[in-house]
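I have not looked at it before.

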Amino acid sequence: MEQYQKEFVDFMLDCEVLRFGDFTLKSGRKSPFFMNAGLYITGSQLEKLGEYYAKAIHNTYGDDFDVIFGPSYKGIPIGVATVMAYSRLFGKEVRYCSNRKEAKDHGDVGILLGSPIKDGDRIVVVEDVTTSGKSMEETIPIVKAQGDVKIIGLMVSLNRCERGKGDKGALDEIKDLYGFETSAIVSMNEVIDYLVEKKVIDDELKSRLDAYYAEYGVK
């Protein structure tokens, strides 16, 4: 792990975005951990979150893109924070875009917020976490409908490293289905290794995490 990734794990814990305990996910799975990006609520938290996304995008996809697309709703603040951080850290102005859940028919009309998307645009999509890939089923058609564009990749904050709809992880399923790269600031495997080393995760919790991944983890 790079230093910014270790700092991001500590950041998630400090913000109580990543928690350990007993949680029931939307999928019905009983999980020993839960991540809720909706708990990034202050200006300083969102500023730092944008920096972590910007660093991960820069390291993974480089600078050859034009637009950060953040699907509504949680992707909206992530996208805004990321374009601001990207400009500040790397001196490159990229445009922000998001979607509305329903198209607006007056004033600023249409399905999009922020920058229009036009032919030739190269786009990076940002999300909080992807478990099933359902949000991409809604997002990708909206982006593709805007013109002859290329989606460079998807960046999420945490790869849960568990199966999606089939035997592969959700990020790999998205990659196979849509043909663009997928990545995360950190993977849950990296988080566990780092926090075991720091003695944040004890033997009892490690045993529960191992049992969870024995059942739901990507093989």
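Cys161 has a relative accessible area of 11% and is therefore buried, where buried means under 20% relative accessible area, exposed over 50%, and partly exposed in between (1.4 Å probe, protein chains only). Cys15 is likewise buried, at 11%. The structure holds zero disulfides, a disulfide being a pair of cysteine sulfur atoms within 2.5 Å.

The model is predicted, so local features need pLDDT of at least 70 and side-chain atom pairs count only at pLDDT 80 or more, while totals for chains, interfaces and linings use all residues. Residues are numbered from 1 along each chain as its sequence is written, and side-chain values use heavy atoms, with hydrogens and water left out.

Next come the aromatic rings. A search of the whole structure gives 12 aromatic pairs. Rings of Phe, Tyr and Trp (its six-membered ring) pair if their centres lie within 6.5 Å; planes under 30 degrees apart count as stacked, over 60 as edge-to-face and the rest as tilted.

One of the pairs is Phe33 with Tyr212, which is edge-to-face, with 6.1 Å centre to centre and 80° between the planes. Phe33 belongs to strand β2 (residues 30–35) and Tyr212 to helix α7 (residues 203–216), so this pair ties together parts 179 residues apart in sequence. Helices (H or I, at least four residues) and strands (E, at least two) are DSSP runs, numbered from the N terminus. Both Phe33 and Tyr212 are buried.

Tyr178 and Phe180 are stacked, because their ring centres are 5.9 Å apart and their planes are at 15°. Tyr178 is partly exposed, at 27% relative accessible area, whereas Phe180 is buried, at 5%. Elsewhere, Phe8, Phe11, Tyr40 and Tyr52 form one aromatic cluster.
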